[in-house]
Amino acid sequence: MVSAEFANRPQKKLVLFDVDDTLTRPRQPATTEMIDLLRKLKDQVVIGFVGGSDLVKITDQLSVDGENALELFDFGFAENGLIAYKLGKKQASQSFINYIGEERYKKLVNFILHYIADLDIPIKRGTFVEFRNGMVNVSPMGRNATVDERNEFAAYDKIHNIRAAFVEVLREKFADYGLTYTIGGQISFDIFPDGWDKTYCLRFVEQEGFDEIHFFGDKTYEGGNDYEIFTDSRTIGHSVKGPADTMRICTELFLSS
């Protein structure tokens with residue numbers, strides 16, 4: 001039986017969403033149409049977001065049309081759930097630096113920066129390593145890039161597999177660190193301890209008694225940052241090609257009756 005906090009929803013289901021290329025275009029705000037859909041969905045089911053980015057970036061994208069993302073969504077999971085909110089209240093969190101230790105972290109970051117320095121790619125900007133509470137985000141071109149520059153790198157990466165090659169080097173070099181590497185978005189990849197992928201968020205919801213837990217994401221292929229939760233036995237996974245696809249499937253599944 002679903003918990004009393006969500007007993008008023010007609011469908012006893014939880015619907016979780018990735019953010020970039022699922023609810024929004026990469027690093028762009030959600031559209032008015034998407035926010036309207038989420039409001040309608042919330043009248044029927046319990047909704048939550050689960051993104052790899054930090055909470056500030058995610059809420060900036062989803063707090064539009066006067067909505068506060070942590071109030072619009074019943075569950076909010078940033079950094080794969082290492083930063084967690086339920087009904088606007090913060091839950092327990094984890095720390096990457098406490099897990100890995102300062103000395104090993106410095107070795108990892110020093111290697112990453114040396115590798116990027118020697119990398120010959122068309123565009124480099126700034127903020128190549130972004131330290132977050134529960135993970136490290138690495139961008140070969142740098143996160144301080146315009147939308148056009150991000151699109152240019154994404155197209156280049158599809159041909160030359162810059163991120164995939166970088167990840168393979170790190171896996172081999174730091175094989176004893178117990179780390180997972182996932183490629184997400186257009187320009188970067190995440191590094192976090194094994195088991196701290198997006199399935200981490202499920203520990204906060206699996207005792208709520210939902211009949212079904214659905215997950216919508218775009219990077220659902222092996223090595224993508226939605227793969228583990230998409231294929232997890234506790235979820236019903238939906239692979240989407242963008243926000244319009246998400247809206248179409250949600251309407252068909254949850255709003256058609």
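Biologist: In which sense do strand β1 and strand β10 pair, and over how many bridges?

Modeller: This is a predicted model. Strand β1 covers residues 13–17 and strand β10 covers residues 212–217. Within this pair, Leu14 stands opposite Ile213 in β10. The sense is parallel, over 5 bridges.

Biologist: Which helix packs on the sheet, touching β1, β10 and β11?

Modeller: The direction of this helix makes about 160° with that of β10. Its residues are 243–254, and its name is α9.

Biologist: Which are the edge strands of the open sheet?

Modeller: The open sheet has 7 strands with mixed pairing, in the order β5-β4-β3-β2-β1-β10-β11. An edge strand here pairs on one side only. That holds for β5 (89–90) and β11 (236–239).

Biologist: Which strand joins β7 through 3 bridges?

Modeller: Strand β7 spans residues 136–138, and the two strands run antiparallel. The partner is β9.

Biologist: How many bridges pair strand β8 with β9?

Modeller: Strand β8 takes in residues 179–184 and pairs with β9 in the antiparallel sense. Ile183 stands opposite Phe189 in β9. The number of bridges is 6.

Biologist: Which residue takes a positive phi in the hairpin of β8 and β9?

Modeller: The hairpin has 3 residues between the strands. The phi in question is near 65°. The residue is Gly185.

Biologist: Why is strand β9 said to be largely enclosed by the rest of the structure?

Modeller: A residue counts as buried when its relative accessible area is under 20%. Strand β9 runs over residues 188–193, and it is called largely enclosed because the buried residues number 6 of the 6.

Biologist: How much space lies in the largest pocket?

Modeller: The lining of this pocket has 14 residues, and the closest to its centre are Ala154, Lys158, Arg163, Gly185 and Lys219. Gly185 also belongs to the hairpin of β8 and β9. The space in the largest pocket is about 350 Å³.

Biologist: Which helix gives the most to the lining of the largest pocket?

Modeller: Two helices, α6 (147–160) and α7 (162–173), each supply at least two residues of the lining. The most, 4 residues, comes from α6.

Biologist: How many residues of the lining of the largest pocket are charged?

Modeller: The lining divides into three classes. Of its residues, 5 are nonpolar and 3 are polar. The charged residues number 6.

Note on methods: Residues numbered from 1 in each chain as written. Predicted model: local features only at pLDDT ≥ 70, side-chain atom pairs only at ≥ 80, totals over all residues. Heavy atoms only, no water. Buried < 20%, exposed > 50% of the residue type's maximum accessible area, 1.4 Å probe, protein only. Pairing = 2+ DSSP bridges. 1 Å grid on protein atoms, 1.4 Å probe; cavity = no way out; pocket = protein on both sides within 12 Å on 5 of 7 lines; lining within 4 Å. Points joined across faces, edges and corners; volume = space filled by probe spheres on them. Nonpolar A, V, L, I, M, F, W, Y, C, P; charged D, E, K, R; others polar. Contact = heavy atoms within 4.5 Å. Axes fitted to C-alpha atoms, helices over the stretch in contact; angles between N-to-C directions.
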